[in-house]
Each structure stands twice: as C-alpha cells, then as structure tokens.
Amino acid sequence: MLLVRSMVERVAQKAGFGLDDARSASLELTASPVLQTGPHTLLLFEPDAFYTHLFSLMGLQSSGRRWHVTYAGSTMSFKESAKKGPGWLKMEGEVLNLFGLPRSRMDGRSICCSDGPYQFALSNSAGVEAPTGAAKRLLEELPPTLFPSASEAIKVANAKLWSSHFGRSVNLLQLDDFDVAGLIADHLEDPTSWLYEFFIAERHAAVLPDAIDRLNAGPWRGWVRSTTDYFWYVGPERVLPLVLDDGNLRDVASTDVMVKFAPDKIASAIRDRKLLPTLFLAFLVLSILPGIRALGGCRQPVYLPVLRYLAALCVERSGDGDLLNDLRQDNYPGMWGHRVLRPSAGDPFHDINGSGGILALVEDYGSLPLFEASGDLTSFTGDTLWSEMSKHLASGEIKVSAAEWKWSGV
C-alpha cells in the first residue's frame, strides 16, 4: 500500500495537482481503499464510460470522498470495423471517428504505442469533421494538441472534460498502464519485496503460465486468457506478446525482442517504457497485494477471484505463509462497478441537457431503483462467458466450493 500511495502521489503531481492535494489523494485511498478498474481507455462522454463514471460519482459524493481514482487499460487495439472502442464516440445516434483515422491507421494498432501524432477530429463516415452542432461544441472543448499516442490524448481530454462538466468537488485521478508498470518496477527495485523475491527465483516463474493454461483447458476457459507471459512488449505500433523461455521473456516471432527474466532487467525495461503488465500483474500490485477493492465490469466478478486464486498459487510456491493468511482475510476484493447504470437509450449529452447538468443527473439516477437504472443486464445475459458459466454451474462442473472460487471473498 505504501508503494501504491507513492505512485498515486506521483501521478497526481504529474496531472497538475499540488503536493498537499497529491498526499490527500493517497491518504484517502488508504482510508477508503476502492478504485475504479473499468472501463478501458475511452473518452469520458462515450456512453459506457460516462455512465460508469456517473455511478462512481454517486458513491463518492454519498461517502464524502474527494478523489475518483481510476485505472484504465490501454494495451487494446483500435477496432475499425466494429466502430466501437477507444477510437470511436457515439453521439446523437451517430458514430464518430475520434481522431479521423483511416483504416490503415487503426486496424491492429495498440492505442498505447507512440505512433502519432493524434489529434481530435470527431469525423463521420463521410470524413466530415464535427458534422453536428453538438460535435462542434465538444470538439471545441477537446485539447487541440498533437499527442504521441491515442491513450495519452484520451487521458488528457478526460481530465479537461471532468473538470469542466463534473465539477471540482470530486477530483479525477487517472492511472494508466505505464503508471502501473512503474509501480511494478518499484516492487522489483526493492530486494525486500515479495514480487522481487518471486521473480528472482526462476523455478517459480513458470507457475503462472502453466496454471493459466490449466484453467483454459477446463470449465474456467476464457476468464483469464493466455495471451502473453507476465508482460507485453511495447513495439512501434502494437504491443507484442511474450513467452517465458529459458529464463528470458521473448517475442515468439522475432529474436530482436528479449528481456532477461530478472528483477533489475525487467525494471530497467519498464523504465524505458518497453514493457506493460498483464491483467494479472496489474491487479496484483493495484488490488490483491495492497488490499484495494476494485470496481470493474461484468466479467470482473469472476476473473478477479480467479486472479486471486492464481496469486495464491504463486504465494504458496514462494512459501510466504503470512502473505497467504493476509489474502484469506480480504473478504471484499471486488464489486461490479462498470455498466451498472445502463439506460436503454443512453445518450450522455441528451441526459445532461435534459436534467440541467451532471449534479442534477446524479440526483435523478439516485432516485431510481437499481433494477430500473441497470436496464436489461445484457452485459451479463448476452455475454458468452456468462452463458458458459451458467451451463457449467448447472452441470456441476463448477461448484461454489471450487478451489478457484475460494478467493472470491463471497
């Protein structure tokens, strides 16, 4: 938790807050250890993001908190054909291209890579920039700066939009993948940390990839994907998966990308902005080890307990009984907190104008029963993994007593 606090203070000061404010953010997180881990890197007024932040704001205001601490993943790629995700904004029924990028600049490119410049455009399918009055007004609010990466552009824009629309009673603090990678480097540069000791014992290193492979060979398939071992490598245009092989993290397709699996080498590559963490490592240092509750999407109520199960396997292998007991005492590690508010025809700009502002909108939603505010729950009922989970529960292949579930805190 002390390392998390130091990281929060660094991020807050980098975002322009003074030292006293930065310290108040870290102290508040210690006193009330909750952070928002969904949605991914999306513009604040993208409906998925907007209603998630609105829901968090309701909770923050009701508990008298001043800081909205969020972690938004940014290792994902643009999806040009799907017309959704970090490169798009649905506005007044029309889908706008956030940066006006052609397909060649989108498909397969990771939004965290510095392959810019990126500049906001809000263009429609015909290439017309800001085609409506509302789009023009929003574009005027977005920073006109050229950014090296799409994720950095969205992060800066969100800070500006939060300040102008959500008010200053609650401050937004955005943690990104590079911030979390830096937190991991802090662990690996401390020879007394558990993560340092685990990484330096190479006989332990294969525990995690092997355990994930076993999960994906059975009824828990898909909840924790086997995409890369421990870290992603940040290439010029996309992040590359790595495999742990003979004491090295290497790219399966190239001999040019290789990092020795040793704390000092990994920390150095992180400081050079060459490595970003997997979901497991991000949640390990942000939630599991410091005991911070994570509010995430519809899949997190399952995958976070499974990540905690994987962490417990690693801790057992390391022989740290005290840490294992601490993990057992963490009764409420995560909660559903993304897409909880899901109006059937949600349009942030229409809602804001119709209610007379964000604060009035918070009151409007606060007066609704949850079953009305959460809509039809399609994020669960229409999700393939939840459908498979339902079948496995019905057949008895997965039970509440399963070893993978005992770390859920439920």
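In this predicted model, the largest nonpolar core holds 83 residues, and those that touch the most other members are Phe 199, Trp 220, Phe 231, Ile 266, Leu 275, Phe 280 and Leu 310. Helix H12, spanning residues 300–318, provides the largest share of this core, 11 residues. Because domain 1 (32–175 + 341–374) and domain 2 (178–337 + 379–395) both give residues to this core, it lies between them.

Another core, of 47 residues, lies apart from the largest one, and its members include Phe 50, Leu 54, Ala 150 and Ala 373.

Turning to open space, the second largest pocket contains about 460 Å³ and is lined by 19 residues, of which Ala 15, Phe 17, Ala 159, Leu 172 and Gln 174 lie nearest its centre. Helix H1 (2–14), helix H5 (150–166) and strand E5 (171–175) each contribute at least two residues to the lining of this pocket, and the largest share, six residues, comes from H5. The composition of the lining of the second largest pocket by residue class is set out below.

| Class in the lining of the second largest pocket | Number of residues |
|---|---|
| Nonpolar | nine residues |
| Polar | five residues |

Methods. Residues numbered from 1 in each chain as written. Predicted model: local features only at pLDDT ≥ 70, side-chain atom pairs only at ≥ 80, totals over all residues. Heavy atoms only, no water. 1 Å grid on protein atoms, 1.4 Å probe; cavity = no way out; pocket = protein on both sides within 12 Å on 5 of 7 lines; lining within 4 Å. Points joined across faces, edges and corners; volume = space filled by probe spheres on them. Helix = DSSP H or I, 4+ residues; strand = E, 2+ residues; numbered from the N terminus. Nonpolar A, V, L, I, M, F, W, Y, C, P; charged D, E, K, R; others polar. Core = buried A, V, L, I, M, F, W, Y, C linked by side-chain atoms within 4.5 Å. Buried < 20%, exposed > 50% of the residue type's maximum accessible area, 1.4 Å probe, protein only. Domains from an automatic or database assignment.
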